[in-house]
Amino acid sequence: MFLIKILILISMSFNYEYPRALNTVDAIIISKKENKILLIKRLNEPFKNFWALPGGFIEMEETLLESVKREVLEETSLENIELKEFKFYGDPGRDPRGRTITFVYYGYCDSLKLAKAGDDAKELAWFSLNELPDLAFDHKKIIYDFLISDRDIWGFCVKNKKNCD
């Protein structure tokens, strides 16, 4: 009887009349040695040919950490980067495809030559943290928030950062 109840619960689909947000992950990858950030140029709309943080939609069977590691690997060919949670962003209008909440992670990589564009990344490049290009979505705000966050999170100083010595 218990097994039958579990099978019934598994087979039930839950439909709600309320709209639901889409969920994505993004990665801030910093080279401390070079004081640079890794960005990808988007291959597809929205924001085709704009620079962006590596990231994308979560898969239903993945944890958030698994999702961000997969996206980083697919778009940059980088793996084995220790990624840590930073913040999440979900303002309405941040993504023209619909209400989207992104979970942002950060990590460090000083092997700049290892990164290679893949999947829906047209190309990638390391940019100085003091000279960022125009960015897709709200990625400029995300990067700014990261740079002004507590230095214990990221461990180095950027020019014009409010809490630098």
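At 25% relative accessibility, Phe47 counts as partly exposed, a class that lies between buried (under 20% relative accessible area) and exposed (over 50%), with a 1.4 Å probe and protein chains only. Phe47 sits in the loop between strand 2 and strand 3, and its phi is near 65 degrees, a positive value in a residue other than glycine. In the loop between strand 2 and strand 3 (51-52) lies Pro46; the peptide bond from Glu45 to Pro46 is cis, with omega near -5 degrees. Most residues other than glycine have a negative phi, and most peptide bonds are trans.

Phe137 likewise has a positive phi, near 50 degrees. This residue is found in the loop between strand 7 (121-128) and helix 3, and at 17% relative accessibility Phe137 counts as buried.

## Basis of the model

The model is predicted: local features need pLDDT of at least 70, side-chain atom pairs count only at pLDDT 80 or more, and totals for chains, interfaces and linings use all residues. Residues are numbered from 1 along each chain as its sequence is written, and side-chain values use heavy atoms, with hydrogens and water left out.

## Overall fold

The protein chain has four helices and seven strands; helices (H or I, at least four residues) and strands (E, at least two) are DSSP runs, numbered from the N terminus. From the N terminus on, the order of elements is α-β-β-β-β-α-β-β-β-α-α.

Of the 165 residues in the chain, 41% are buried. Among contacts (heavy atoms within 4.5 Å) between residues at least 6 apart in sequence, 68% join residues at least 24 apart.

## Nonpolar cores

A nonpolar core is a set of buried Ala, Val, Leu, Ile, Met, Phe, Trp, Tyr and Cys residues joined through side-chain atoms within 4.5 Å. The largest one has 17 residues, of which Ile28, Ile37, Leu39, Leu53, Phe86, Ile143 and Phe146 touch the most other members. Two or more residues each come from strand 1 (22-31), strand 2 (36-42), strand 5 (84-89), strand 6 (100-108) and helix 3 (139-148). Helix 3 gives the largest share, four residues. A second, separate core of 16 residues includes Ala27, Ile40, Val68 and Val72.

Lys41 lies in strand 2 and is buried, with a relative accessible area of 19%. Beyond its neighbours within four places in sequence, Lys41 is in contact with residues including Asn49, Phe50, Trp51 and Asp120.

Thr100, in strand 6, is buried at 1% relative accessibility. Thr100 and Ala21 are 79 residues apart in sequence, yet 5.3 Å apart in space, C-alpha to C-alpha. Leaving aside neighbours within four places in sequence, the contacts of Thr100 include Leu22, Thr24 and Tyr89.

## The largest pocket

On a 1 Å grid over the protein atoms alone, a pocket is an open set of points where a 1.4 Å probe fits, with protein on both sides within 12 Å along at least five of seven lines; lining residues have an atom within 4 Å of a point. The largest pocket is lined by 23 residues, and Arg42, Gly55, Gly56, Phe57 and Arg97 lie nearest its centre. Strand 1, strand 2, strand 4 (55-57) and helix 2 (64-76) each supply at least two residues of this lining.
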